[in-house]
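This briefing covers domain organisation, salt bridges and selected backbone features. Please consult the sequence and model shown below alongside the points that follow.

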Amino acid sequence: MVTSRTGSAPRIDLHAHSTASDGTLSPGELVRAASEAGLDVLAITDHDTTAGWAPAVRALPPGLRLIRGAELSCRWSGTQPPVPLHLLAYLFDPDHPELVAELARVRAAREERGERIVGLLRADGVDVSWPDILAGAGGGTVGRPHIAQALIRAGLVGSTGEAFGPDWLGERYRLPKEDIDVFRAIRLVRAAGGVPVFAHPRATRRGRVVPDELIAELAAAGLAGLEADHEDHSPAEQAHVRALAAELGLLVTGSSDFHGTHKTVQLGAFSTGVEAYERIVAAGVTEVASG
């Protein structure tokens with residue numbers, strides 16, 4: 001049973017990124033920031049990697065619980081072009097061979113895509129350097145936010161949001177990724193003893209979303225929950241996700257999707273209820289780490 005350090009309802013944020021992928025705080029800095037923000041539970045969910053788990057556990061402050069997870073880059077090929085989507089995977093075995101191999105493949109493809117994007121930029125006379133971008137990633141999973149930071153450093157854009165606009169990484173210099181088929185991703189997470197939750201499933205401001213009928217199919221395939229409360233969901237979208245989850249018997253989460261200075265949202269901006277948290281803990285194979 002999770003309890004609050006303040007006597008109020010526990011504050012549980014189940015979606016946050018560190019420098020192991022595209023956040024700006026190291027795993028240790030991330031857990032310390034979560035504690036300072038008054039959180040009782042934090043999930044570290046870097047893109048397609050578990051590299052931040054060990055340093056986050058080592059730095060875990062007293063009173064903070066850590067859910068070890070990852071955000072998997074997925075796709076649904078039921079329409080063309082395929083729809084990209086993200087699957088949050090909690091408390092899975094990080095040594096499960098098939099899942100380890102698939103995440104390594106996705107990270108390699110992500111890095112290759114990043115290098116190709118930089119090649120396109122340089123061909124158009126944009127002065128960005130792939131070695132500098134790799135160095136900026138600090139060994140973490142390379143993503144478009146790292147390229148966005150290079151564009152900011154070069155004085156070509158003023159913010160990450162502008163870098164992701166249509167003139168830059170949002171359209172003109174956007175290339176597809178070799179993502180995981182979402183049904184395969186759910187099977188792999190379940191085989192590794194983990195708990196899969198669909199991240200921001202109704203976020204139309206991010207682009208195309210999948211139909212409710214697909215989410216019903218994913219639930220039948222092993223999807224455990226839907227992330228409803230998220231900065232990219234409007235109130236109507238939040239309500240839609242909650243109603244759909246109730247209809248399908250799925251748990252509901254709320255999370256900040258914190259990326260440090262890459263986004264304006266703060267840790268704990270959205271929270272998960274205790275019942276949903278306890279369902280995740282009960283279903284996962286990896287124990288919650290406690291500070």
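In which loop is Pro81 found? Pro81 is found in the loop between β3 (65-76) and β4 (83-90), strands here being DSSP runs (E) of at least two residues and helices runs (H or I) of at least four, both numbered from the N terminus. The model is predicted: local features need pLDDT of at least 70 and side-chain atom pairs count only at pLDDT 80 or more, whereas totals for chains, interfaces and linings use all residues. Residues are numbered from 1 along each chain as its sequence is written, and side-chain values use heavy atoms, with hydrogens and water left out.

**Domain organisation**
- The protein chain is divided into domain 1 (12-96 + 179-290) and domain 2 (106-173), with bounds taken from an automatic or database domain assignment.
- A distance of 24 Å separates the C-alpha centres of domain 1 and domain 2; 10 residues from domain 1 and 10 residues from domain 2 take part in the contact, defined as heavy atoms within 4.5 Å.
- UniProt, in an unreviewed entry, places the feature "domain: Polymerase/histidinol phosphatase N-terminal" at residues 12-76; such annotations may be inferred rather than shown by experiment.
- The span of residues 12-76 is 25% helix and 37% strand, and its end C-alpha atoms lie 29 Å apart.

**Interface of domain 1 and domain 2**
- About 830 Å² is buried between domain 1 and domain 2, 52% of it on carbon and sulfur atoms; buried area is the accessible area (1.4 Å probe) that two parts lose on being put together, summed over both.
- Of the area that domain 1 buries against domain 2, 51% is supplied by Asp22, Asp48 and His262, more than any other three residues.
- One salt bridge is found across this interface, the term denoting a side-chain nitrogen of Lys or Arg within 4 Å of a carboxyl oxygen of Asp or Glu.
- Asp48 forms a salt bridge with Arg110, with the closest N and O atoms 3.0 Å apart.

**Salt bridges in the whole structure**
- A search of the whole structure gives 12 salt bridges.
- One of them joins Glu102 and Arg184, whose closest N and O atoms are 3.5 Å apart.
- This pair links distant parts of the chain, with Glu102 in helix α3 (residues 97-123) and Arg184 in helix α7 (residues 182-191), 82 residues apart.

**Backbone features**
- Gln80 and Pro81 are joined by a cis peptide bond, with omega about -5°.
- His200, a residue other than glycine, has a positive phi near 30°.
- His200 is found in the loop between β6 (195-198) and α8 (212-221).
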